[in-house]
Amino acid sequence: MIAFNQVSKRYPDGYEALKQVSFELAKGEMAFLSGHSGAGKSTLLKLIAAIERPTSGSVLVNNQNVSVLKKGALPYLRRNIGLIFQDHKLLFDRNVFDNVLLPLQICGFDHRESGKRVRAALDKVGLLNREKSNPIALSGGEQQRLCIARAIVNRPSILLADEPTGNLDAEYAQEIMAIFNSFHQVGVTLLISTHDAEMLRNSHVRVIALKHGEIQLPASNPQSPDTTGTGQT
Amino acid sequence: MMSVLNQHLGVIKIALRRMFTSPLAGVLNVLVIGIALSLPAGMYVLLKNTQNLVAQLSGSPQISLFLMMETTRDDVEQLRNQLARHEGIRGIEFISRAAALEQLGENSGLDDVIAGLEDNPLPDAFVISPAAIDARSLEELRNELQQLPGVELAQLDSAWAYKLEAILEFARVAVLVLASLLSLGLIAITFNTIRLQILTQRDEIQISRLIGATDAFIRRPFMYFGALQGLFGGIAAWLIIAMGLQLLKQPLATLSQLYSSTFTLQALSLSDSLSLLLFSVYLGWLGAWLSVARHLSQTEPR
């Protein structure tokens, strides 16, 4: 589903965020992307959604080389990818319902169908009773769940989450992980970046570890304590 | 199809709502556009009216051919035949010196003075209606007639009208220049309004792009906003012109009465009104397009 082949990314200021990264993620697979902050996790996720372009190498999504996609084709690639941001990127000028509605408006769904879909997505993350609230009134965990609802309302086949539990306490983080697991069970391909050692230890999921922009070893052994760096407990 | 239509209707609603979230700013913008458009458009209306007036007054141009005092009846007959055969002449009318004197007496009320004259100071004359009425051929015909034997003076009666027409042509170009400059101004106004809107909508644009919005989708509400603002500005300009003409009506009626004429101001015609509105919509649309295109290309990911 996702394949990196010798991908490097160097920013105009000379900083090399990724060096010769290669890995594959099968359809329906779920994996963690681990590493200290600045290891290149965000850059890697951005390359998948073509928010940034690699300096060299190729990024395949669904057998499509996204690093050479034409500008006009990018929106259609992104509609198949649900993005979950650490800072949520919610819109505070509209209520919860309308935040989740946005991707459907972009795809041009008709009114009645999109209403159903929005409620289904909100139900999935447990925010159905808050649809009229402004996101600013939600707690951090609720905001993150809202961001997830927005990412999945389109029913994308790929979900990318950048530090989804970064600012949350353990209990909220557990909730979020439970939601991700449920998507995994229905066949969604997930790549979740985290530096939360706790989370990595407690799950039985493949871990792709980055250090200074390089893959350490594409470990499939979840017990390997290669989470490097900022060691949260 | 229905859903596309609904989508556009929804976007128009959003654009309208944005316009009236800050009613004062919205109204001021519309007013600025209206005033800027009403200047050249109003001048155009006045120009057109003046042109009508000139056309009405100069109607069919005539050339008066005053003959020399010592002309005999035979000479006149010969000249008449010659003129009748001329291709450039549509009609001729002979006014004898006696008839001319009589007419002068009637028109001027100077009967007594004329009666006191020892002999008739007026010459025989032909009044000629030329076939072609453009300024150049009239001038040529006049020169030709001037050369005829027995002709003292060939005078183009409507020469002043042609001079005025030349002045009006000059004014027309001036209006065109003014209109172009103010159009650029309108594009700039819309560009800036939309730029400010984009700044407040930055997050929404950025997020929309991340979740798969096409540039067209992002552009749409701004384009509608620009076009609607242009439309309202155009309507404002139309109203300003209509009110201005209404105000001019009374003084003009008095004036034209003094000249015993029945000239009335023509308002903007339907097609002119539509052109005004369409042009205004187009300018707003263009300003918005430029503004959004600039923002989108600036925030293009590398």
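This is a predicted model: local features need pLDDT of at least 70, side-chain atom pairs count only at pLDDT 80 or more; totals for chains, interfaces and linings use all residues.
Local features need pLDDT of at least 70 and side-chain atom pairs pLDDT 80 or more, while totals for chains, interfaces and linings use all residues. Residues are numbered from 1 along each chain as its sequence is written, chains are lettered from A in the order in which they are written, and side-chain values use heavy atoms, with hydrogens and water left out.

**View 1. The open sheet of chain A.** Four strands of chain A form an open sheet in the order β2-β1-β4-β5, with antiparallel pairing. Its edge strands, β2 (16-25) and β5 (64-65), each pair on one side only. Strands are DSSP runs of E with at least two residues, helices are runs of H or I with at least four, and both are numbered from the N terminus. Two strands pair if DSSP finds at least two bridges between them. Strands of a sheet pair through backbone hydrogen bonds, either parallel or antiparallel.

**View 2. Strands β1 and β2 of chain A, with helix α1.** Strand β1(A) (residues 2-10) is joined to β2(A) by 6 bridges, and the two run antiparallel. A:A3 has A:E24 of β2(A) opposite. Helix α1 of chain A (residues 41-48) lies across β1, β2 and β4 (56-61), at about 120° to β1(A). Axes are lines fitted to C-alpha atoms, for helices over the stretch in contact, and angles between N-to-C directions run from 0 to 180 degrees.

**View 3. The interface of chains A and B.** Contact (heavy atoms within 4.5 Å) links 22 residues of chain A with 18 residues of chain B. The area buried between the chains is about 1,800 Å², with 61% from carbon and sulfur atoms; buried area is the accessible area (1.4 Å probe) lost by two parts on being put together, summed over both. A:K71, A:R78 and A:I106 supply 27% of the area that chain A buries against chain B, more than any other three residues.

**View 4. A salt bridge between chains A and B.** The count between the two chains is 2 salt bridges, each a side-chain nitrogen of Lys or Arg within 4 Å of a carboxyl oxygen of Asp or Glu. A:K71 forms a salt bridge with B:D215, with the closest N and O atoms 2.8 Å apart. On the side of chain A that touches chain B, α3(A) supplies the largest share, 4 residues.

**View 5. B:S183 in helix α7 of chain B.** B:S183 lies in helix α7 (residues 159-200). With a relative accessible area of 9%, B:S183 is buried, the cut-off being under 20% (1.4 Å probe, protein chains only). Not counting residues up to four places away in sequence, B:S183 touches B:F279 and B:L283.

How values were computed. Buried means under 20% relative accessible area, exposed over 50%, partly exposed in between (1.4 Å probe, protein chains only).
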